[in-house]
Amino acid sequence: MSLRIAVAAPFQQNGRERMRESEFVVALSLDRDWFSPDQAKRLVDVASGQGLLSHEDETLVAEFDPATIEIPDEFQPDESLLQEQSTFEKVLDKLVAHGTTKQTAVAEINELQQEAGISVEAAAIVYARRKGIDVSGEAEEALEDLKA
C-alpha cells in the first residue's frame, strides 16, 4: 500500500491523473524530499512493473484513481519500495488482496510445491488460478524467468 501512496502523492499534489515524468520526479525528490531524483526514477520503474503507472510518450498515467488514496501527514516511504518484487511476492499480494491470509497462502503454496515438485513461483501461480485469481501477467513473467 505504501507504494500506491508514494505514487499517488505527486498526482494529488498536481490535481491530475497524468503528468510528465520529470514533474513526477521533481514532486517526489524536491517538493516532498522523499527520494533522490534517481530513486524517484526507480520508483517509476517499480510502479510501472506493478501496473500502477503506464507511459504515454513522456507522460505518466496513473492506472488507479490517486484522489482516492489517503496520504497520512507523517507518511515517509521506505527505500524498500524501490526494490522489484519477485513473481512469488506479486502473486502472494494478489492472494492476500482477495482475502486469503498470508500465512495460509504460504503454507498451502509450499505444500503444493512439494506435492507437484515445481518451483515456488509455479506453485503460487497454480494456487492463485485455483482460487480464480487472474495471474496471467505473473505467469508470463515466471515463464520469461525460466527462459533466461
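These legends walk through several close-up views of one predicted model. Local features are given only where pLDDT is at least 70 and side-chain atom pairs only at pLDDT 80 or more, while totals for chains, interfaces and linings use all residues. Residues are numbered from 1 along each chain as its sequence is written, and side-chain values use heavy atoms, with hydrogens and water left out.

**View 1. A sheet of 3 strands.** Let us start with the open sheet, whose strands come in the order β1-β3-β2 with antiparallel pairing. Strands are DSSP runs of E with at least two residues, helices are runs of H or I with at least four, and both are numbered from the N terminus; two strands pair if DSSP finds at least two bridges between them. β1 (18-20) and β2 (53-56) stand at the edges with a single partner strand each, so one side of each has no neighbour in the sheet. On average, neighbouring strands are turned by 30° against each other, direction ignored.

View 2. Leu 53 has Ala 62 of β3 as its bridge partner, and Glu 56 stands opposite Thr 59. The hairpin has 2 residues between its strands, and Asp 57 in the turn shows a positive phi of about 60°.

**View 3. Helices across the sheet.** Helix α1 (residues 2-14) lies across β1, β2 and β3, at about 95° to β1. Helix α3 (residues 37-49) lies across β2 and β3 and runs at about 105° to β2. Axes are lines fitted to C-alpha atoms, for helices over the stretch in contact (heavy atoms within 4.5 Å), and angles run from 0 to 180 degrees between N-to-C directions.

**View 4. The largest nonpolar core.** A nonpolar core is a set of buried Ala, Val, Leu, Ile, Met, Phe, Trp, Tyr and Cys residues joined through side-chain atoms within 4.5 Å; buried means under 20% relative accessible area, exposed over 50% and partly exposed in between, with a 1.4 Å probe and protein chains only. This core has 28 residues, and Val 7, Phe 11, Phe 24, Trp 34, Phe 35, Leu 43 and Leu 53 touch the most other members. α1, α2 (21-31), α3 and β3 each give two or more residues, with the largest share, 7 residues, coming from α1. Apart from this core lies another of 16 residues, including Phe 88 and Ile 125.

**View 5. Two aromatic pairs.** The whole structure holds 2 aromatic pairs; rings of Phe, Tyr and Trp (its six-membered ring) pair if their centres lie within 6.5 Å, and planes under 30 degrees apart count as stacked, over 60 as edge-to-face and the rest as tilted. Phe 11 and Phe 24 form a tilted pair, 5.7 Å centre to centre with 50° between the planes. Phe 11 belongs to helix α1 and Phe 24 to helix α2, so the pair ties together parts 13 residues apart in sequence. Trp 34 and Phe 75 have ring centres 5.2 Å apart and planes at 75°, so their pair is edge-to-face. Trp 34 is buried at 10% relative accessibility, and Phe 75 is buried at 14%.

**View 6. Thr 87 and its contacts.** Thr 87 is found in helix α4 (residues 87-97) and is buried, with a relative accessible area of 3%. Leaving out residues up to four places away in sequence, Thr 87 touches Glu 121, Ile 125, Glu 138, Glu 141, Ala 142 and Asp 145.
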